[in-house]
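Here is a short report on one structure.

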Amino acid sequence: MRTTELLAPTLREVPAEAEVISHKLLLRAGFIRRETAGVYTYLPLAMRVLNKINQIIREEMDRQGGQELLMPIIQPAELWQESGRWDVYGPELFRLKDRHNREFALGPTHEEIITALVRSEVSSYKQLPLLLYQIQNKYRDERRPRFGLLRSREFIMKDLYSFDRDDEGLQISYQKMHEAYTRIFQRCGLRFRPVEADSGAIGGSDTHEFMVLADSGEAAVLFCEKEECDYAANVEKAAQVIVTAGHDEEPELLAEMSTPGAHTVEEVSSFLKVTPQKIIKTLLYETGLEVVAVLVRGDREVNEIKLANALGCLHLSLAGPDTVRSITGAQVGFAGPVKLNVKIVADLEVAAIVNAVAGANKDDTHLINVNPARDFNIDVVADVRMVRAGEPCPRCGEALIEAKGIEVGQIFKLGDKYSKALRAVYLDESGRSRSLIMGCYGIGVTRTMAAAIEQNNDRDGIIWPAAIAPFQVVVVPVSNKDETQVSTAEVVYNRLVAAGFEALLDDRSERAGVKFKDADLIGYPLRVTIGAKALANKQVEVRVRRTGEVLMIDQDELENRIGELLGGL
RNA sequence: CGGGAUGUAGCGCAGUUUGGCUAGCGCGCUUGCCUUGGGAGCAAGAGGCCGGGGGUUCAAAUCCCUCCAUCCCGACCA
């Protein structure tokens, strides 16, 4: 390929719409253009990267026995009504009508379609297990698309669905995908972690997210600092370890204290001279059905996902000041569990607390020496708080480290959630009809491309891992007027192509600086510079994008050395 | 959906406060000259429904109303 024939419109200035680095660089380096909010055109350079990622994905899916198919993007509403998600999915589902006024959805995911397919085509245990996947556009009408390809409304996703006879089979399929995902992201040259996660609205039991570690990530993950320990979890999932030390005090007499104006934990803490660990923070949540009081230690934060799971409810929101007043009889800041007439959910730590401070449900008043069980009843005891860096690892006890991550993949055990709703069954050996046991496994392909940039860039531009670079090597003659340089560049380029490398010849009649800047911006792993220096010694000059290192290599070693260098990138 | 901001050439912006000449600048683009180891220089060009609609006015990029779009913060979220 020659640069003069390639549509790679680089920009000198960053378009004002971009905020995060991958978005800026994808625009500047000529990989994408925005069509409308959260919807992008992938230009030729991006397509080359995406095809490489797709190829890696296909190889690893196929290695595990996956079969590729392609399902429709346009999906009939009836199927979604059958699974119950037509109503549940909400406004994030793109909906449309045809000329007959029939309703459809643009597929945000394909559980319905695949389950409908399999229920009609699979009827025997002999056809199982089955791993089916596709790579195609997905549609989600995000409330707030942002960060370029990291959160868009139309994006490319690989989705695989596994069908097994039972949980044991599912476990095997799940493990296969875990392994495949690990290999995929390794091969893409990314630094990532598989982390335990919450399964959210999609349902199911076990789930892992594959997080590319990058500061711009929207998700926070915790992982164990000990190298041998592989514990890692999304903060929304990370389990707390209860430290029971220091609870050997004798319960003392409950008493009321005047605490004028002390609304916050900090104010109460300094007013009453107690540590936040001795304070019970009482928060009122509305579930849509009822109001519940949630108790966590003063130095902790509620984890709303854990809370929703503990309560078995879908929606939660903090109660407003009016609700707080009507429930507690006091303004916000003075709620407490004693003589409170709503369901009480206590975090594990609170259930074990002794002689705590809590709000008195009376303005400007707190209670001291509050003790669970003696002074109030707990309806639900559960882990409902956020775990933070520094707390002990649930597996080995070492300290946890916190990092930001971009979720590039997620694997779920669905069980029979969809097969039951859509009546997808098979006959076992004894002729008994049983529900198919499903798993689903997604990779955001376009998001993976953006995540790779988030993790691999510098002031000059993108630094592609060699495995997913749009071209492996760019050949740049310094001067287009120098016949020797031009012809040598041509020879070098042809040799590289003949040797099977993905090479690009920058044949533009630009000054050297322009070609160098573009090469750095686009981020080809290697640049072969054909200039006077190298020609004088019958050598070629190779520059490594990632390190800036410049090597002079003999012309007859060109192919070998380029191959070696790429192997290390 | 709540809050904030912005829409002027492909990109980045000025002009709007206080209405007034033919709507500007830089980059990019075209042509020519020149230059060729890190986004050179000179010259001549092309490119605008000033986001759309409505209004006020002798006169609107500029004031008013309205709609739309885009971005940021928040809430929400496989």
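## Charges over rings

The charged end of R95 lies over the ring of W86, 4.6 Å from its centre. K413 has its charged end over the ring of Y174, at 5.0 Å from the centre. A charge sits over a ring if NZ of Lys or CZ of Arg is within 6 Å of the ring centre and within 35 degrees of the ring normal.

## Basis of the model

This is a predicted model, where local features need pLDDT of at least 70, side-chain atom pairs count only at pLDDT 80 or more, and totals for chains, interfaces and linings use all residues. Residues are numbered from 1 along each chain as its sequence is written, chains are lettered from A and ligands numbered from 1 in the order in which they are written, and side-chain values use heavy atoms, without hydrogens and water.

## Aromatic pairs

Rings of Phe, Tyr and Trp (its six-membered ring) pair if their centres lie within 6.5 Å; planes under 30 degrees apart are stacked, over 60 edge-to-face, the rest tilted. The count by this rule is nine aromatic pairs. F185 and F192 form a tilted one, with 5.8 Å between centres and 55° between planes.

Both F185 and F192 are buried (under 20% relative accessible area, with a 1.4 Å probe and protein chains only). Ring pairs join Y181, F185, F192 and F210 into a cluster.

## Lining by class

The lining of the second largest pocket has 14 nonpolar, seven polar and one charged residues. Ala, Val, Leu, Ile, Met, Phe, Trp, Tyr, Cys and Pro count as nonpolar, Asp, Glu, Lys and Arg as charged, and the others, Gly among them, as polar.

Notes
Buried < 20%, exposed > 50% of the residue type's maximum accessible area, 1.4 Å probe, protein only.
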